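Open the model in your viewer and keep the sequence beside it. The tour goes from one selection to the next.

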Amino acid sequence: MSSAKKAWVVLADGQVLEGQSFGACGTSIGEIVFNTGMTGYQEVLTDPSYYGQIVTQTYPLIGNYGINNDDMESASCHVKGYIVREWCDEPSNFRVAMNIDQYLKKQNIIAVSGIDTRRLTKTLRENGVMNGAVTTEYSPEGKDALLQEIRTFAVRDAVKAVSCEKPFRAEAEHPSLEVVLMDFGHKRNITRSLVSRGCNVTVVPCDATAEEILAGRPDGVMLSNGPGDPAENVEIIAEIAKLLRSGVPVFGICLGHQLTALAAGGRTAKLKYGHRGANQPVKDLKLGRTYITSQNHGYAVVGESLDPAEAVISHVNANDGTVEGVEYLHIPCFTVQFHPEASAGPRDTSYLFDRFVDMMNAYHKEAKQDA
């Protein structure tokens, strides 16, 4: 790694960690979280669910296979800042287009290397997620003013900030189904997973109404991942409740999972430090199998808040027992907290997309018979 100017990580509890600058220069304030993935840093940087957050990578070497043009989960970088132990300035990969420093500079993202990420992660695990700043402009004299800014920071209107502005389509080569994807900050691989299964996908903004969605007579509705506090999205929750009453098949992932639970009368709660990485064990209670999953969330559905006559917990996290999936009993809807579309490791949970397709085929067949 080449020499670099100094940079700092400043935590809301007053800790100041000194490192080296890479990426852009300046100061950025956000919620500091950690991701345990050994690979997939490009997907992390371009995942809209990280809006408002400064990401710490626990794996010590980041950037060894560079940045390519194919694995972006969205059009731009969404993190507020980036913290690593070491970054690689000479990546090796046949698809590499630039190194991570060049990409972060291009995206104007402030990053800090040379940080003891084990220590930082331990702090977040013991004390919970906290606000902080990454900066190349730190001075002891300005610490109190910076801490005041850090402590008053909050992630707000996150979904609106990352959702598309107008609808667009992705079409399958041999389409058999029409899906509407509500964009709360969706990852591109959700669309790819549906298209590869013969679905035309119409992506709509987060403020699309149930009436607008149902007017297109879709075979199913996909509720995407996204950032922020799910309970903040009052208007979206109300529209999802209407979709659930319509009888159209619904599949929710991550934030979509949480919003569906809220629409069904449940509650969500903030986790101490969240689940972020490609190694979260999840048990499918019906199949009796445990899968290693990719996750990125700081909130979880409160299982006991769901009416057992209306919904059952289908998946749980094997580490802490939190809710990872819900199946609704009287409507064609199921949701999961993890990311079945992610390919950081095994693709075992892609069966959930097949299940959604089966559900839509049944609904499509029934609709044709009624017509």
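**Cysteines**

Select Cys164 and Cys206: the sulfur of Cys164 has its closest cysteine sulfur in Cys206, 7.9 Å away, which is too far for a bond. A disulfide needs the two sulfur atoms within 2.5 Å. Keep in mind that this is a predicted model. Cys164 counts as buried, at 16% relative accessibility.

**Salt bridges**

Now turn to charged side chains. Side chains of opposite charge can pair when their charged atoms come close. How many salt bridges does the structure hold? There are 13.

Select Glu18 and Lys6, which form a salt bridge with the closest N and O atoms 3.5 Å apart. Glu18 lies in strand S2 and Lys6 in strand S1, 12 residues apart. Glu18 is partly exposed at 46% relative accessibility, and Lys6 is partly exposed at 47%.

Move to Arg95 and Asp71, where the closest N and O atoms of the salt bridge are 2.6 Å apart.

Finally, select Glu341 and Lys187, a salt bridge with its closest N and O atoms 3.2 Å apart. The two residues sit in loops and are 154 residues apart. Are they buried or exposed? Glu341 is buried at 2% relative accessibility, and Lys187 is buried at 6%.

Note on methods. Residues numbered from 1 in each chain as written. Predicted model: local features only at pLDDT ≥ 70, side-chain atom pairs only at ≥ 80, totals over all residues. Heavy atoms only, no water. Buried < 20%, exposed > 50% of the residue type's maximum accessible area, 1.4 Å probe, protein only. Salt bridge = Lys/Arg side-chain N within 4 Å of Asp/Glu carboxyl O. Helix = DSSP H or I, 4+ residues; strand = E, 2+ residues; numbered from the N terminus.
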